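Dear colleague,

I am passing the structure below on to you, and after it you will find an account of what turned up when I went through it. Please read the two side by side.

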Amino acid sequence: MRLPALILLALVALVPAARGQDVPRVALRVGTHPDLGRLVFDWPSRIGYGVEEQDGRVVIRFAAPGQLDLAAARRPPRNVLAVERDGDAVAIRIAPGARPRHFRLGNRIVLDIRDPAAAAEPAPPARPAAAARSPTQPAPPPAVPVASPAPDPLPASPAPPPATAPTALAPAAAAQPAARTQPAAALRDAATGASALRLLPGGTGLVLDAGPEAGLAMFRRGEWVHIVVDRVLVADPTLVRGHAVFAGLESQPAGEGTVFRLPLPAPSHLIARRDGEAWVLEARRDAPPIDATVLRAVPEAGPPARLLLLGGSPGGTVAMADPATGETLLVGTLRRPGPGIATVRRLPDFDLLPSMLGAVLLARSDRLGLRVVTEDRFAVQAGAGESLMLGALPGQEPPPAALAMSRLLDLPTSATPVLLERLRNVLTTLNAAAPLARGPSRRDAAETLLALGMPQEAQAMAAIAFQEDPQAREDARLLLAHGVAALLSGRPGDARAIMDARLPPRDEVALWRALLALSRGEDAAAALRVSAPLVLIYPEALRARALPLVAEALAQGGEATAAAALLAQAGDVAGLDLARAMVMEAAGRDAAATEAYAALVAGRDRRRRAIAQRRLAELRLAAGSIDQAGAAEALEQSLFAWRGGPEELALRRRIAALRLEALQGQQAHALLEETARLFPDAAAALRPALQNAFAVALETAPPLVAATMFDAQPDMLPGGARGEAAVLMLAERLAGLDLPDRAAALLRRAVDASEDAPARAAIGARLAVMRLAERDAAGTIAALDASESTSLDAPIVTQRALLRARALARRGARTEAEDMLATLGPAGSAARAELRAEAQDWRGAAAAMADHLDAILPQAPAPLGQDHRVALARHAAYLALAGDDAGLAALRAAQGPRMEGGALAEAFGVLTANPVRAIADLPRLQRELGLMRVMPARLEALRAGVQVAR
C-alpha cells in the first residue's frame, strides 16, 4: 500500500504544473561533499536562469517568478557562507578562493561551490574519490577542468523542454541545454594538445594515447557500453565518422576524468588491452569480456568497517552521473587490463554493478567514498571514520550466464526510494511533453513501474501510450513491457504483444514467450530452461513476482533439475516454497513434499494454497492413503480457491476422470456439463468425455434416475459399442425391476437417438427380443424395421433374421418364416427346428436339428460344450416325440459316450434308452419316471436354449 500512495503523491505534485499556476513553490536543498558544497533549486518545470559571479558573491536569477523556500540554507553547505534573497534573485556568499559551477539536471538547477584547491588544479595526479549522494539529491555534475560554462540566457518566458530529451552521461553546459553529449573521434590532451585518439590500421580497433599511468574502466548500461578514463581529454570530432563500430562514440567530461559511451547492443562488447602507453579497444561478439579472475569483494570488520575490492592494478576513481537514473556512480579504473565485477551485489549503502573492467559502484549514501589503498585493491568506506553498513553479502550470486544474456527491457535496479524518484522525474517530463511525443516517457515510466513490482500500473501506462501515439506500437521495448505487465497481472489474454513479430530475437523475449505459452497450457518448459537464469538479475520487486512463476513452471514441466539449480541460485527469496515442494516431489521425496504441501495448504496465499491442495491430493492418491473418490473430493475443495485459465479446465477434467474411476458417473457428468458451460470454447473437446460420463451414469445411477437422465438428453448417448452397452444394461436393470414397458420405451428412444448403424441395429434387436417375449409379434417386426440398416455384421444380421422369422411364425406366416430361415443355411437350422416343433412337426424338427448338429458339433474325441449338449438333448427329444426309435438308437450309438458324465447326461440317456420289454427293466423304468416328472421343465429350458437347474 505504500508504493501506490507515494506514486499518487508524485502525480499530485504534477497538478500545479499541469494547471499552470502563476507562482510555483521552489524548494532549496543543500548538501556537503568532500570537495564541494551543493545548492539545488527544485523547480516544478524547466525554466531559464542566469548566473553572475562577483568577488566572493554569486547571484542566480531565474526567468520566472517563484516562491523560493530558503529554509534549508540556515545551515549552509561547504564553502557557502550565506544564502540571501536579492529581490527576485538569490545571492550566495562563498568562501575565499572557492569557485562556483552551475548546471541543469532536468527541472533542477544545481550550483556547486568547489574547494579552492580543487578549483585551482585542472588535472591533479591523485584523484580523490567523489562522495555519493542520497536518493533524494541530484546526481553530481561532470567536473570541468577549465573555466565554468557560460550561464543560460534569460528568456522572456520559461523555455519548454524538448519532447524527447535523451538521457546523457552528465549535464552539458547551461548555455547549451539541448547538447547533452558530443560525438568524439579525435581526442586531444588538455595540457599538451597532442592527439590522444587514433584508429588501428584497417579500423579494427580504437587507440587511446592517454599515457602509461592512465586507468580505464568499462561497463554496460542498457544498449550502451561506457568507457571511463581517469584523465581529462577534450573531444574533436574528425577522425572516425562513418566507422562501422565507433561512429556513434560520444564523450563527456566527468570530474577529473573523461567518459565515453558507445552504442553497442548485447551480446557485442568491448575488450581492452595495453599497447605500450596506449589503451586499445576492440569490439567482439564472443564470450563476455569478464576476466577469469574477478574483483573479489572482501568485507573488513575494522573499525571502521569497509569493503575491499581485491585484484587488478588500480589507477584512480572517477565520479559520474548514472545515465539510467541520474544517480552517482563511483568508477574505479585499472592501469592494466584485468578483472571486472561479474554479478550485482546489493548492500545497504551501495550496489556493486557488473563491469567488463574495473569497479563500478552505484552510491546511495552521501558518506560513501571509493579509494585506492594499495597497489592491488580499492576500498569502499564511509567518511569521517564512520563504519560502512556492509550488511550481509548475498550468499548466492546470479550465474555469469545470466549476465551474458541479451536483454531488451531497460529495467532500473535501484532501491525503492530511488525508483520512486526516477518515476517522479519521468512523470514530470511526461507532463511537460507534447501529446504525440510522450511515447518514450511513457515507456520509461512503464519500465520503472515494472521494476517497482507494479505490473497493473505498468500495463495501464503502456496502454495509454498506444492510445495516444500510433508510433508507440513500433517501440519494441514498449511492446514487451506491455506484454510482461499483462502476464504478471494475471491477464494472459492481454499479453499478445509478447508474441509480436517486431520484437527482436533476444533471450529476454524468449523468456517471456515461454512463460506466456505455459500460461496457456502449452509445453514450453524446455525453452524456459535456457533463459530462466535471466530472472535472477531483475530488480528485486520484479524478481519476487517472476521468479516463483519460472521455478514452478520448470518443476511442473519436467525440468526439475533446472528448477533446483534456479532455486539454489535464488537463495532466500520469498515465495519459493511451492517450487521447492514441487522439486522434492519430482525427486521422489514424497514424504518431504507431502509435509511441504500441507504447510502451504495452511498458508494465506490463495494461489499457492490451491496448487498445494491439488498436488497433495495426487500424492496421497498415489500413496494409497485415499481412493479415487476421496481424491476427487479433495480436488473439488480447491476448485474455487483459484479460478480461471487452462489450470481450472484441466483440474475439472481430472476430477471427472477420478469420479469415473470411482464409478460415480452421475457426479462426473454434472461436473463436465458445468465445465462446458463455463468454458464454451472447450465444449467441443469436452464432448467425448461428457458422453463417456453419461454412459457410466446410465450404468451406475439408480435405474429410474438413469432413465430420467436418458429421457432428458438422449443425444448424449455415445456412439458405437459403448453407447449400445450402456443402454442395454439400463434396459436390463429396468426389466429386472419388472418395468418392461419402461425398458421398451427406453430402447425405442435409444433407437431414434442413435446415429451409429450397428448400435441402432443391436438396440433394435434387444427391443425385438423384449416384444417377442411379450408375444407381441407386430411390435417385434416394428422394432426390427425401425432399426434396419444395410451396413451390419453377419452375426447381427443372423440374429435379426431369426427374430423376424419367429415373429412371422407367431403371426401365422410360417411358410414365409421357413423360407427366410432357409436362406440362413445352417445358422437357421435351430430356429427352423423350433418353428416345426411349435407346429408339432416332430420329424421335421428332428431333421432340422440334425442339420444344425452337423454344423456345430466338433469331431470326436473333442469334448462337448454346453451349447452342444443342449442341442443333442433337444434332438433326442424331437426324435422321441416323433417315435423314431431307429434315430434314437443311432443318436445313442454316435453321441452317447460323449454325453456321459456331463450336463443333461441323464435326460439324454432317458430319451435315447431302449423300450421296457421285461421285468428286469422295471428299476430303470422307475428312474426314468422320476426323471420324466421334471422333463417338461427341462424341455422348456431346451426350447429357450438355456439349461435350468432344480
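To begin with the aromatic rings, a working rule is needed: rings of Phe, Tyr and Trp, the last by its six-membered ring, count as a pair if their centres lie within 6.5 Å, and a pair is called stacked when the planes are under 30 degrees apart, edge-to-face when they are over 60, and tilted for the rest. By this rule there are four aromatic pairs, and please keep in mind throughout that the model is a predicted one. One of the pairs is Phe41 with Phe62, which is edge-to-face, with 5.3 Å from centre to centre and 65° between the planes. This pair joins distant parts of the chain, since Phe41 belongs to strand E2 and Phe62 to strand E4 (residues 57-62), 21 residues apart. Phe41 and Phe62 are both buried. Phe62 also pairs with Trp43, and because the ring centres are 5.1 Å apart and the planes stand at 55°, that pair is tilted. Here too distant parts of the chain are linked, with Trp43 in the loop between E2 and strand E3 (49-54) and Phe62 in strand E4, 19 residues apart. Taken together, the ring pairs link Phe41, Trp43 and Phe62 into a cluster. As for accessibility, Trp43 counts as buried because its relative accessibility is 3%, and Phe62, with a relative accessible area of 11%, is buried as well.

Strand E2 brings us to the sheets. An open sheet of five strands runs in the order E5-E1-E2-E9-E8, and its pairing is mixed. Strand E5 (67-69) and strand E8 (99-105) are the edge strands, each of which pairs on one side only, and the twist from one strand to the next averages 20°. Within this sheet, strand E1 (residues 25-33) and strand E2 (residues 36-42) run antiparallel and are joined by seven bridges, with Val30 standing opposite Leu39 in E2.

E24 pairs with strand E23 (residues 314-321) in the antiparallel sense over six bridges, and Val318 has Val331 in E24 as its bridge partner. E24 is also joined to strand E27 (residues 359-363) by four bridges, again running antiparallel, and the partner of Leu330 there is Leu361 in E27.

Turning to the helices, the axes of helix H14 (residues 606-623) and helix H15 (residues 628-637) come within 9 Å and cross at roughly 175°. H14 and H15 are therefore roughly antiparallel to each other. In their contact, Gln613, Arg614, Ala617, Glu618 and Leu621 of H14 meet Gln628, Ala631, Ala634, Leu635 and Gln637 of H15, and by class these are five nonpolar, three polar and two charged residues.

What does Glu699 touch, leaving aside residues up to four places away in sequence? The contacts are Arg722, Ala725, Ala726, Met729 and Arg733. Glu699 counts as buried, because its relative accessibility is 18% and the cut-off for buried is under 20%.

Terms used
Residues are numbered from 1 along each chain as its sequence is written. This is a predicted model: local features need pLDDT of at least 70, side-chain atom pairs count only at pLDDT 80 or more; totals for chains, interfaces and linings use all residues. Side-chain values use heavy atoms; hydrogens and water are left out. Axes are lines fitted to C-alpha atoms, for helices over the stretch in contact, and angles run from 0 to 180 degrees between N-to-C directions. Helices (H or I, at least four residues) and strands (E, at least two) are DSSP runs, numbered from the N terminus. Angles under 35 degrees count as roughly parallel, over 145 as roughly antiparallel, 65 to 115 as roughly perpendicular and the rest as oblique. Contact means heavy atoms within 4.5 Å. Ala, Val, Leu, Ile, Met, Phe, Trp, Tyr, Cys and Pro count as nonpolar, Asp, Glu, Lys and Arg as charged, and the others, Gly among them, as polar. Two strands pair if DSSP finds at least two bridges between them. Buried means under 20% relative accessible area, exposed over 50%, partly exposed in between (1.4 Å probe, protein chains only).
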